[in-house]
Amino acid sequence: MSIGDKIFNKLTGRKVETIKIDQDQAINLIQELFIDPADSDKELDEIYKLISFIGIGIGGSSSEIISKDNRFRLFRNNELGAGSIISISDLENEKYYTCKIMFMKKMKTEVKRRINDKKIRRSISEK
């Protein structure tokens, strides 16, 4: 638990925890919590749209998706000149998994591959 978490928890009486994860862990969580449960191409396309989002404003920009069970939130925040932060929030347990990424190419490529695999698996099972 970070010092910021401890201060926040002390002031609010909550039990928030921020956990730093690497890019591979973030990709695996995105698959487990968002790609695997998706039922339609539209849902899968929304996930990729969030990951590949390139909106940059004066203060940066952000985008989010809520999981099908309303328990998790996938959030991407772009900071001008500082890369992106991918955050996966467990809204029930107040745990926030964060991954800072300077270059998104690996994330975009791997998420796109996993989404395409899911679409192929789904189309085969429907036949």
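**Salt bridges and a helix pair**

Modeller: Let's start with Arg113, which forms a salt bridge with Glu110; their closest N and O atoms are 2.4 Å apart. Keep in mind that this is a predicted model.

Biologist: Okay, and where do Arg113 and Glu110 lie?

Modeller: Both are in helix α4, three residues apart, and that is about one turn of the helix.

Biologist: Why would side chains pair like that at all?

Modeller: Side chains of opposite charge can pair when their charged atoms come close.

Biologist: Which side chain does Asp117 meet in a salt bridge?

Modeller: Asp117 meets Arg113, at 2.8 Å from N to O. These two also lie in helix α4, four residues apart, again about one turn. Salt bridges with shared partners link Glu110, Arg113, Arg114 and Asp117 into one network.

Biologist: How exposed are Arg113 and Asp117?

Modeller: Arg113 has a relative accessibility of 40%, so it counts as partly exposed. Asp117 is partly exposed too, with a relative accessible area of 27%.

Biologist: How many salt bridges does the structure hold?

Modeller: It holds 11. One of them joins the side chains of Asp39 and Lys68, at 3.1 Å from N to O.

Biologist: What does the pair of Asp39 and Lys68 tie together?

Modeller: Asp39 is in the loop between α2 (23-35) and α3, while Lys68 is in the loop between β2 (61-66) and β3 (72-79), so the pair ties together parts that are 29 residues apart in sequence.

Biologist: Is Asp39 buried or exposed? And what about Lys68?

Modeller: Asp39 is exposed, with a relative accessible area of 53%. Lys68 has 47%, so it counts as partly exposed.

Biologist: Switching topic: at what angle do α3 and α4 pack?

Modeller: Helix α3 (residues 41-52) and helix α4 (residues 105-126) pack at about 175°, and their axes are 10 Å apart. That makes α3 roughly antiparallel to α4, because angles over 145 degrees count that way.

Biologist: Which residues in α3 meet which ones in α4?

Modeller: From α3 you have Asp41, Leu44, Asp45, Ile47, Tyr48, Ile51 and Ser52. They meet Met107, Lys108, Val111, Lys112, Ile115, Lys118, Lys119 and Arg122 in α4.

Biologist: How do the residues of that contact divide into nonpolar, polar and charged?

Modeller: Seven are nonpolar, one is polar and seven are charged.

Definitions and conventions. Residues are numbered from 1 along each chain as its sequence is written. This is a predicted model: local features need pLDDT of at least 70, side-chain atom pairs count only at pLDDT 80 or more; totals for chains, interfaces and linings use all residues. Side-chain values use heavy atoms; hydrogens and water are left out. Axes are lines fitted to C-alpha atoms, for helices over the stretch in contact, and angles run from 0 to 180 degrees between N-to-C directions. Angles under 35 degrees count as roughly parallel, over 145 as roughly antiparallel, 65 to 115 as roughly perpendicular and the rest as oblique. Contact means heavy atoms within 4.5 Å. Ala, Val, Leu, Ile, Met, Phe, Trp, Tyr, Cys and Pro count as nonpolar, Asp, Glu, Lys and Arg as charged, and the others, Gly among them, as polar. A salt bridge is a side-chain nitrogen of Lys or Arg within 4 Å of a carboxyl oxygen of Asp or Glu. Buried means under 20% relative accessible area, exposed over 50%, partly exposed in between (1.4 Å probe, protein chains only).
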